[in-house]
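The sequence and structure come first.

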Amino acid sequence: LSRDMLFNSFSFIFIFLPITFGGMFYLARYSHKVAALWLAVASLIFYALWDVRFVLLLLASISFNYGAGYLMALRRTKAVSTKSILVGAVVSNLALLAYFKYTNFFISSVNDWFGLHISTLEIILPLGISFFTFTQIAFLVDVHRGIAKEFNFAHYLLFVTYFPHLIAGPVLHHKQMMPQFANSSTYKINSTNVTVGLTIFILGLAKKVLLADSLAEFPNPIFSSANLQNGPMFFEAWIGALSYTLQLYFDFSGYSDMAIGLSLMFNVRLPMNFNSPYKASSIIDFWRRWHITLSRFLRDYIYIPLGGNRKSETRTYSNLFFTFLIGGLWHGAGWTFIFWGFLHGAALVIHRAWQKLNFKLN
């Protein structure tokens with residue numbers, strides 16, 4: 001992948017951002033619709049500069065989901081069930097995600113289990129496919145529930161492609177973004193928002209460049225040495241583990257801050273996605289602080305539809321566990337990610353069981 005459009009790259013900061021910012025607010029003086037379309041096109045260009053091969057796939061996904069949502073909205077006005085459209089559209093989205101992200105993982109796993117030699121496919125993972133797929137699944141469910149009601153295509157295109165969130169989140173909801181794109185004040189330069197947004201962006205940039213990127217030099221050599229005969233010693237192993245932990249922390253925190261700051265400069269508020277998770281007092285508190293929008297998506301669109309905590313205690317435990325297995329698989333196609341989801345699901349089940357036990361003892 002090209003690194004030219006990372007938020008911390010010179011080409012992004014000194015070329016893409018000023019042109020996009022200036023173009024949007026200049027055009028907004030004449031037409032808010034044209035300004036919104038400008039920002040959507042700029043976001044598509046941002047995506048194309050990463051990998052132009054998948055722009056058509058992104059546009060096809062957007063067109064399909066917009067059409068499915070619009071069709072559901074029409075049927076709702078006639079009091080006709082929209083469930084079949086919802087199921088078909090969600091399955092189509094998941095099938096697309098599964099093909100690109102999990103096909104080779106499935107083939108490799110089958111080969112390992114049964115001693116086969118099925119060739120893997122030459123599949124390149126489209127950038128941000130997990131984010132734009134989950135964002136649009138949430139939109140479809142919200143249309144089915146009667147929550148999402150606006151169908152301005154330019155706004156929907158911008159909602160999905162909006163460059164501050166497209167690559168690394170947060171996972172957005174239609175109801176959070178569409179009113180902002182329709183608000184006339186969004187299309188006027190707000191000096192306070194620009195100042196605050198730029199400050200947040202610079203703080204995130206410092207976390208990313210000064211802390212995360214500096215810490216990144218330590219873990220890889222130490223982890224690589226684990227495969228050698230003389231692997232890392234005790235202190236080296238701890239240095240590798242802790243430096244990777246802090247690198248991941250500051251990379252995610254910095255990128256989340258940069259996304260929020262960039263968006264605020266355009267008068268659009270993104271939901272908080274990171275809130276000092278290492279200050280968490282429990283595993284459930286951790287997931288209220290780490291990748292907050294993904295946690296909410298898993299809760300609202302997997303855990304609660306499965307029954308949440310409205311069924312028996314055993315069913316609640318299984319719902320929790322299954323939700324985080326899905327969360328682990330969402331993070332990556334590999335058994336390590338599934339095991340990671342297994343550990344977090346088990347920890348949440350144990351935490352809930354302990355709370356119930358403590359309640360009964362008291």
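## Basis and terms

Buried means under 20% relative accessible area, exposed means over 50%, and partly exposed lies in between (1.4 Å probe, protein chains only). The model is predicted: local features need pLDDT of at least 70, side-chain atom pairs count only at pLDDT 80 or more, and totals for chains, interfaces and linings use all residues. Residues are numbered from 1 along each chain as its sequence is written, and side-chain values use heavy atoms, with hydrogens and water left out.

Helices (H or I, at least four residues) and strands (E, at least two) are DSSP runs, numbered from the N terminus.

## Salt bridges

A salt bridge is taken as a side-chain nitrogen of Lys or Arg within 4 Å of a carboxyl oxygen of Asp or Glu. By this rule there are seven salt bridges. One of them pairs K207 with D257, at 2.7 Å from N to O. K207 belongs to helix α9 (residues 191-215) and D257 to helix α11 (residues 234-265), so the pair ties together parts that are 50 residues apart in sequence. K207 is partly exposed, at 24% relative accessibility, while D257 is buried at 18%.

K208 takes part in two of the listed pairs: with D213 at 3.3 Å, N to O, and with D251 at 2.6 Å, N to O. The pair of D251 in helix α11 and K208 in helix α9 links distant parts of the chain, 43 residues apart. Through shared partners, K208, D213 and D251 join into one network. Within it, K208 is buried at 9% relative accessibility; D213 is partly exposed at 28%, and D251 is partly exposed at 24%.

## Packing against helix α6

Axes are lines fitted to C-alpha atoms, for helices over the stretch in contact, and angles run from 0 to 180 degrees between N-to-C directions. Helix α3 (residues 55-77) and helix α6 (residues 153-161) have axes that come within 11 Å and cross at roughly 125°. That makes α3 oblique to α6, given that angles under 35 degrees count as roughly parallel, over 145 as roughly antiparallel, 65 to 115 as roughly perpendicular and the rest as oblique. Contact means heavy atoms within 4.5 Å. From α3 the contact takes L58, L59, I62, N65 and Y66, and from α6 it takes F153, Y156, L157, V160 and T161. These divide into eight nonpolar, two polar and no charged residues. Here Ala, Val, Leu, Ile, Met, Phe, Trp, Tyr, Cys and Pro count as nonpolar, Asp, Glu, Lys and Arg as charged, and the others, Gly among them, as polar.

Helix α5 also packs with α6, at an angle of about 135° and with the axes 9 Å apart. That makes α5 oblique to α6. F132, T135, Q136 and F139 of α5 meet Y156, F159 and V160 of α6. By class, this contact has five nonpolar, two polar and no charged residues.

Helix α13 (residues 292-303) is mostly covered, with ten of its twelve residues buried. Among the buried residues are I292, L294, F297, L298, D300 and Y303. Their cover includes α5 (129-144) and α14 (313-331).

H32 lies in helix α2 (residues 32-50) and is partly exposed, with a relative accessible area of 33%. Leaving aside neighbours within four places in sequence, H32 is in contact with S184 and Y187. H32 and V194 are 162 residues apart in sequence and 19 Å apart in space, C-alpha to C-alpha.
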